[in-house]
Amino acid sequence: MNLRFTVSLALTLFVAVVSFAATDEKKHSFGFKEYDAFQDLLHRLEHEALPKGDFAKIRSDAKELIKRGDAIVKLGVPRGTKTENVEEFKKQLDAFAKALVKFGGDAESGTDA
């Protein structure tokens, strides 16, 4: 149950962070390779593994998802973010970084049952 909660939290925080970014209007692209790489893997886990309760798949891809999430955190506030959103964006990035750490712990200590 913790893993499911953490995945949901990570997804929620990711969406919140992205909502503050200025993005290109490209279809299925956030306009930043770091966000696109994270979303590609998260999408598969959210729409394929999670509905089936395939926590083994989520756990096996956890390190890669965290690596991609860390790239988002390292990027920081993306260029083009509206000035009035920068501080909130930073707060959301901090929360996202903490969620990634929690997700990693849950993925390592959780079971596939």
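**Helices and their packing**

Me: Which residues of H5 are buried?

Reply: This is a predicted model, in which local features need pLDDT of at least 70, side-chain atom pairs count only at pLDDT 80 or more, and totals for chains, interfaces and linings use all residues. Residues are numbered from 1 along each chain as its sequence is written, and side-chain values use heavy atoms, with hydrogens and water left out. Buried means under 20% relative accessible area, exposed means over 50%, and partly exposed lies in between (1.4 Å probe, protein chains only). The buried residues of H5 are Phe89, Gln92, Leu93, Phe96, Ala99, Leu100, Phe103, Gly104, Asp106 and Ala107.

Me: How far apart are the end C-alpha atoms of H5?

Reply: The expected span of a helix is 1.5 Å times one less than its number of residues. H5 covers residues 86–109, and its 24 residues should therefore span 34 Å, which agrees with a separation of its end C-alpha atoms of 35 Å.

Me: Is H2 roughly parallel or roughly antiparallel to H4?

Reply: Axes are lines fitted to C-alpha atoms, for helices over the stretch in contact, and angles run from 0 to 180 degrees between N-to-C directions. H2 and H4 (residues 62–75) pack at about 150°, with their axes 9 Å apart. Angles under 35 degrees count as roughly parallel, over 145 as roughly antiparallel, 65 to 115 as roughly perpendicular and the rest as oblique, which makes H2 and H4 roughly antiparallel.

Me: Which residues of H4 make the contact with H2?

Reply: Contact means heavy atoms within 4.5 Å. From H2 the contact takes in Glu34, Tyr35, Ala37, Phe38, Asp40, Leu41, Leu42 and Leu45. From H4 it is made by Glu64, Leu65, Arg68, Gly69, Ala71, Ile72 and Leu75.

Me: What is the C-alpha separation of Ala71 and Glu34?

Reply: Ala71 lies in helix H4 and counts as partly exposed because its relative accessibility is 30%. Glu34 is one of the buried residues of H2. Although Ala71 and Glu34 are 37 residues apart along the chain, their C-alpha atoms are separated by 6.0 Å.

Key:
Helix = DSSP H or I, 4+ residues; strand = E, 2+ residues; numbered from the N terminus.
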